[in-house]
Amino acid sequence: MAPESNNRTGFVTVEIYDQLYHLAGNNAPHIMELARQVDAKMRAVASQGRTADSLRVAVLAALNLADELSQARSASPTEGHARASNLSLLLDQALSDEQE
């Protein structure tokens, strides 16, 4: 389903990982682009086949996006990537412990 925008009410409907979200905002094209990026990142994480749990996919996608943001802001992208990788490993361990 394609994203929709309703500028009269200030809401935008987007689809992320097969779920519809009605988001408030005045810049519909920007919101739709952000939703497209999140959807793409979630699908990339899910395609690695490590998990089918959508919450875990969302958290791992968020970590990937945070890493990209960190690299863009950081004077040392390598350091930001190493921190994000470490966080990802810690998250994997925590979620694995929680499932046992």
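**Helix α2**

For me, exposed is over 50% relative accessible area, buried is under 20%, and partly exposed is in between (1.4 Å probe, protein chains only). Helices (H or I, at least four residues) and strands (E, at least two) are DSSP runs, numbered from the N terminus.

Before going on, I note that this is a predicted model, where local features need pLDDT of at least 70, side-chain atom pairs count only at pLDDT 80 or more, and totals for chains, interfaces and linings use all residues. Residues are numbered from 1 along each chain as its sequence is written, and side-chain values use heavy atoms, with hydrogens and water left out.

Which residues of α2 are buried? I found Arg56, Val57, Leu60, Ala61 and Asp67. Seen down the axis of α2, they fall within an arc of 135 degrees, so they line one face of the helix. That arc is taken over the directions from the helix axis to the C-beta atoms.

I also checked the length of α2. Its 20 residues should span 28 Å at 1.5 Å a residue, and the end C-alpha atoms are 28 Å apart, which agrees. The expected span is 1.5 Å times one less than the number of residues.

**Core**

Next I looked at the largest nonpolar core, which has 13 residues; Val12, Val14, Ile16, Tyr17, Met42, Val45 and Val57 touch the most other members. The elements giving two or more residues to this core are β2 (11–16), α1 (28–47) and α2 (54–73). α1 gives the most, with five residues. Such a core is a set of buried Ala, Val, Leu, Ile, Met, Phe, Trp, Tyr and Cys residues joined through side-chain atoms within 4.5 Å.

**Salt bridges**

I searched the whole structure and got four salt bridges, each a side-chain nitrogen of Lys or Arg within 4 Å of a carboxyl oxygen of Asp or Glu.

Lysine 41 meets glutamate 68 at 2.4 Å, N to O. This pair links distant parts of the chain, α1 and α2, 27 residues apart. Lysine 41 is buried at 19%, while glutamate 68 is partly exposed at 40%.

Arginine 43 pairs with aspartate 18, closest N and O atoms 2.9 Å apart. Arginine 43 sits in α1 and aspartate 18 in the loop between β2 and β3 (19–24), 25 residues apart. I also noted that Asp18, Asp39 and Arg43 are linked in a network of salt bridges.

Within α1, glutamate 33 bridges to arginine 36 at 2.6 Å; being three residues apart, they are separated by about one helical turn.
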